[in-house]
Amino acid sequence: MKINKKTSWAFMALVLIAWSCADPGEVSPELNDPDDEDMGEIAIPLKELFEAYFPIGAAVTPQQATASSPHGQALQTHFSSLTAENVMKPDALQRVKGQYTWTNADQIVQFAKDNNMKVRGHTLTWHSQSPDWMFYDENGDLHTPEVAMKQLEEHITTVVSRYKGDVYAWDVVNEAMFDWDPNGQIIYREDSPWFKIMGPAYIDSAFVYARRADPDAKLFYNDYNSIFSWKRNKIYDLVKRLKDNGIPIDGIGLQGHWSVNTSEADIRTTLDLFRTLDVEIQITELDLPVYTSNDEADSEVYTSTFSFRQKVAYSMIFNVLLDYSDIITNVTFWGIGDDHTWLDKPGRKAFPFLLDEELQPKPVYFEVQNLVLNR
Ligand code: GLA
């Protein structure tokens with residue numbers, strides 16, 4: 001780290017020399033623009049920047065995971081872990097009962113292997129993006145618990161076995177806890193067809209099936225809004241119950257769909273709480289849209305205000321993640337660069353990443369880089 005720190009000091013010295021040689025009457029537009037002050041710096045690839053701490057991942061489409069595409073090249077440069085954005089979800093792998101479609105998922109796994117990257121598997125059990133046949137019979141009625149459980153076992157066993165040794169961590173269950181409930185009365189997401197059929201038993205079973213199919217894969221429970229008190233306590237109780245009952249679970253995935261307003265205290269409190277469970281933590285779907293609220297005016301331009309907000313927020317977040325790097329074993333962005341994100345709406349761009357629409361480092365990238373180098 002010291003060598004890199006020196007490099008950034010050397011850069012600052014060069015800037016000062018250049019500045020002192022310039023005509024004092026001449027005002028450089030670059031130096032007046034706070035967002036341009038970093039642009040002479042050399043970007044250290046993210047995977048090298050964070051090498052001592054955790055793998056850095058991206059969620060990808062199969063088209064992006066090709067060596068000849070600009071996205072593939074950005075992946076090769078910056079990332080050491082991949083997650084399939086959609087093509088490993090139940091409706092992508094087994095849309096029709098008994099007929100598996102592997103081509104897209106295989107493409108991502110092969111690209112990762114070719115480039116010495118890890119793969120996070122996402123996701124085995126979810127109420128969303130899952131085919132209707134998993135839940136309903138031909139009359140539209142919910143299956144019996146026996147039928148649904150058998151189908152869950154078959155799906156998990158087939159998928160995990162296929163990628164045994166290639167997928168190192170699985171999001172075994174996604175989003176099973178009820179989201180908004182300040183009084184803590186409703187624990188599980190009761191509108192999930194899985195829950196309607198058999199209550200929370202599917203959660204326990206999913207972990208057991210996954211462990212049987214690949215004893216070496218790390219098994220995660222993954223959810224959003226996990227840093228808020230009303231939800232983190234439910235996740236804590238769930239994971240504690242699973243562990244107390246001998247259900248194999250290795251970690252908790254915090255999706256990390258955070259915002260430029262995200263509270264440092266919320267993240268730290270959550271990590272402190274989950275640490276007591278003796279599990280790994282992975283940030284599985286990190287993105288940070290530039291708006292402070294849904295009511296803020298739409299923009300298709302990345303303004304200096306947005307840049308400033310992201311510099312502050314991303315620096316805070318990575319500073320915290322580095323503080324907890326003894327328990328954090330992966331940090332994955334839910335995309336590569338600002339050109340492709342689920343957060344964009346017509347006329348309203350979210351610009352949520354460290355790489356821009358051309359997959360080049362943004363000013364916030366250098367802010368994070370300097371933070372890491374100066375620790
Ligand atoms: C959730 C899911 C992901 C993805 C994102 C948004 O967080 O876990 O698979 O669908 O929403 O796209």
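A polar contact here is a pair of N or O atoms within 3.5 Å; within protein, one of the two must be able to donate a hydrogen and the other to accept it, and residues adjacent in sequence count only if both atoms are side-chain atoms. With that in hand, take Asn-174: its side chain makes such a contact with the side chain of Asn-222, at 2.9 Å.

A word on ground rules. The model is predicted, so to speak of local features we need pLDDT of at least 70, while side-chain atom pairs count only at pLDDT 80 or more and totals for chains, interfaces and linings use all residues. Residues are numbered from 1 along each chain as its sequence is written, and side-chain values use heavy atoms, with hydrogens and water left out.

## Around the ligand

Which residues surround the ligand? They are Lys-89, His-122, Trp-126, Gln-129, Asn-174, Glu-175, Gln-255, His-257, Glu-285, Trp-334 and Trp-342, where a residue makes the list if one of its heavy atoms lies within 4 Å of the ligand. By type, the shell divides into three nonpolar, five polar and three charged residues.

| Residue | Distance from a polar side-chain atom to a ligand oxygen atom |
|---|---|
| His-122 | 2.6 Å |
| His-257 | 3.1 Å |

Taken alone, the ligand exposes 300 Å², and the protein buries 87% of that. Accessible areas come from the Shrake-Rupley method with a 1.4 Å probe; for residues, only the protein chains shown count as cover.

## Shell residues up close

Back to Asn-174, which is found in strand β4 (residues 169-174). Helices (H or I, at least four residues) and strands (E, at least two) are DSSP runs, numbered from the N terminus. Is Asn-174 buried or exposed? It is buried, with a relative accessible area of 2%; buried means under 20%, exposed over 50%, and partly exposed in between (1.4 Å probe, protein chains only). Besides its contact with Asn-222, the side chain of Asn-174 has a polar contact of 3.3 Å with that of Gln-255, and Gln-255 is itself one of the residues around the ligand.

Most residues other than glycine have a negative phi, and most peptide bonds are trans. Yet a cis peptide bond, with omega about 0°, joins His-122 and Thr-123. Thr-123 has its place in strand β3 (residues 118-125). Gln-129 is not a glycine, but its phi is positive, near 45°. This residue sits in the loop between β3 and α7 and is partly exposed, at 29% relative accessible area. Glu-175 also has a positive phi, about 55°, without being a glycine. Glu-175 is in the loop between β4 and α8 (193-198), and at 10% relative accessibility it counts as buried.

Which of its residues are buried? Ala-148, Met-149, Gln-151, Leu-152, His-155, Ile-156, Val-159 and Val-160. Seen down the axis of α7, they fall within an arc of 165°, so they line one face of the helix; the arc is that of the directions from the helix axis to the C-beta atoms. On the other side, Glu-146 and Lys-150 are exposed. His-155, in α7, has 0% relative accessibility. His-155 and Ala-206 are 51 residues apart in sequence and 9.8 Å apart in space, C-alpha to C-alpha.

Arg-309 lies in α12 and is buried at 18% relative accessible area. A polar contact of 3.0 Å joins the side chains of Arg-309 and Glu-296.

Note on methods:
Ala, Val, Leu, Ile, Met, Phe, Trp, Tyr, Cys and Pro count as nonpolar, Asp, Glu, Lys and Arg as charged, and the others, Gly among them, as polar.
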